[in-house]
Amino acid sequence: MKILNVTGYEIYNSSIVKGDGCYVIDSSGKKYIDFESGVWALPLGHNNLQVNSAIIEQLSGISHTAYRYNHSVVEEAADTLLKIMNLDDGKCLFLSSGSEAVEFAVKIINKISDKPYLLNLDKSYLSAYGTSGNTNSGPWISIDWQTYIDNNPSNYDDLLKDIPFEQIGAFVFEAGNASGSVGLPPKELIQTIVSKVKEHKGWILVDEVTVGMGRTGAWFGFEHYNIQPDVIACGKGLGNGYPISAVGICKEICRLLEQTDFTYGQSHQNDPLGCSVAKEVITIIREKDLLQQATRSGLFLRNKLSELKDKHRCIKVVRGVGLLCAIEFVDSIDKQKLSMIHKKLFDAGFIVGLKLATNVMRFYPPLIIENHMIVSMIEALDYILEENPKIYNKGLIACEE
Ligand SMILES: Cc1ncc(COP(=O)(O)O)c(C=O)c1O
């Protein structure tokens, strides 16, 4: 095998030949339903023909430009995206990956702010590299909210009492807590942090790479908090599989940045091809009313997962919002067995996410997922949890302990 696999994940199948909506198909014709949307990146599903047409049309014109000239689709995409971000009078920069977008966002905050610290929530995943790729050191102060609120629901005073808010340059909020609990952190907690940061003239930066573009039933995760961020980084779903990301920046930060010597050059920056995709993806989500659909389908999925929880005691919690859903298994579950359940589900034709460190199985299918697909995945998971009692009884006994 010539591919360097450093993701930390075992490859289950190397013969995928086609994607079609919620399905991924291998060379033998076997179909899998993709409850992971690739790597959270396909709100419209695989191989969307409207997106394909937009790509072909732009490719036949111009795909890539340079720093001193550009194509009108870039401005159109920026305008479309800034409107849904509620940053109409701000500006937008297009890059390629989510990591680049978040890292760029952090870079501009560091440029305009003289405050030494950045605040985030514990276990937020922000980037593969750079300052935002290492939140365990450097300027970061991480709030371990999950452990705290398990013991002190709805009182955040102790949790926040040692944070030097006057020295926080920005609160970098990853609404989906994708690497942690998977789900939206409590509203009051986020609103309290945001108001304290703002009170001390810090900025609010949100990482919408996983939860943006309709995943939670709203365009962006932050909309569930009645807050307006100053900087919004998005990626993944924005390109529906094509690598395009973006940073929306409020007017005031643009103004401050223009007063500095800040420059940033990257070959694939504001590329017309990616921008034509981003514009089309937003148009399709709007035209097909996929935000509503994500809300409806997410509710259906969580109801079905709750039925499973009632039946299988090894499932501790069901949570989520829109089509960002997760089940958490009991702490005592055998991780090897959990991996086996995951693999069996794959073999049965269902691709779901698994975060072994937190015993969390994640479900974030394309927004076009249909109820019958959800039902068939639930039936398969139910069967797998039930079958072979020798293997799973042991797990269930452990659950009861
Ligand atoms: C919340 C969040 N932010 C940023 C990123 C980085 O995006 P990318 O992998 O496209 O660089 C990820 C990737 O999983 C993510 O989940």
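I started at the hairpin of E1 and E2, which has two residues between its strands, and found that Gly21 takes a positive phi near 65° there. This is a predicted model, by the way, so I keep that in mind for everything below. E1 covers residues 16-20 and E2 covers residues 23-26, and the two pair in the antiparallel sense over four bridges. I looked up one partner: Gly19 is bridged to Val24 in E2.

Next I followed E2 onward. Strand E3 (residues 31-34) pairs with E2, again in the antiparallel sense, over three bridges. The hairpin of E2 and E3 has four residues between the strands, and Gly29 in the turn has a positive phi of about 95°.

**Entry: the domains**

I checked how the chain is divided. Domain 1 is made of 16-34 + 289-400, and domain 2 is 49-287. Their centres, taken over C-alpha atoms, are separated by 28 Å. For the contact between them, I noted 17 residues of domain 1 against 15 residues of domain 2.

Which elements supply the domain 1 side of that contact? Helix H10 (290-311), strand E11 (315-321), strand E12 (324-329) and strand E15 (360-363) each give at least two residues. H10 has the largest share, with five residues. Sorted by class, this side of domain 1 has ten nonpolar, five polar and two charged residues.

**Entry: the seven-stranded sheet**

Then I traced an open sheet of seven strands. I wrote down the order as E4-E10-E9-E8-E7-E5-E6, with mixed pairing. The edges are strand E4 (91-95) and strand E6 (140-143), each of which pairs on one side only. Ignoring direction, neighbouring strands of this sheet are turned by 20° against each other on average.

I zoomed in on one pair inside the sheet. Strand E8 (residues 203-207) and strand E9 (residues 231-234) run parallel and are joined by three bridges. The partner of Leu205 in E9 is Val231.

What packs on this sheet? Helix H7 (residues 187-199) does, touching E5, E7 and E8. The direction of H7 makes about 155° with that of E7. Helix H4 (residues 98-112) lies across E4, strand E5 (117-121), strand E7 (168-174), E8, E9 and strand E10 (245-249). I noted that H4 runs at about 25° to E10.

**Entry: two helices together**

Last stop: a helix pair. A reminder to myself first: two packed helices are described by the angle between their axes and the distance between the axes. Helix H3 (residues 72-84) and helix H9 (residues 272-287) pack at about 40°, and their axes are 8 Å apart. That angle makes H3 oblique to H9. I also noted that the crossing of H3 and H9 is left-handed.

Which residues make the contact? On H3 they are Val73, Val74, Glu76, Ala77, Thr80, Leu81 and Ile84. On H9 they are Pro272, Cys275, Ser276, Ala278, Lys279 and Ile282. By class, I get nine nonpolar, two polar and two charged residues for the contact of H3 with H9.

Conventions: Residues are numbered from 1 along each chain as its sequence is written. This is a predicted model: local features need pLDDT of at least 70, side-chain atom pairs count only at pLDDT 80 or more; totals for chains, interfaces and linings use all residues. Axes are lines fitted to C-alpha atoms, for helices over the stretch in contact, and angles run from 0 to 180 degrees between N-to-C directions. Angles under 35 degrees count as roughly parallel, over 145 as roughly antiparallel, 65 to 115 as roughly perpendicular and the rest as oblique. A crossing is left-handed if the near helix is turned anticlockwise from the far one by less than a right angle, and right-handed if clockwise. Two residues are in contact if their C-beta atoms, placed from the backbone, lie within 7 Å. Ala, Val, Leu, Ile, Met, Phe, Trp, Tyr, Cys and Pro count as nonpolar, Asp, Glu, Lys and Arg as charged, and the others, Gly among them, as polar. Two strands pair if DSSP finds at least two bridges between them. Domain bounds come from an automatic or database domain assignment.
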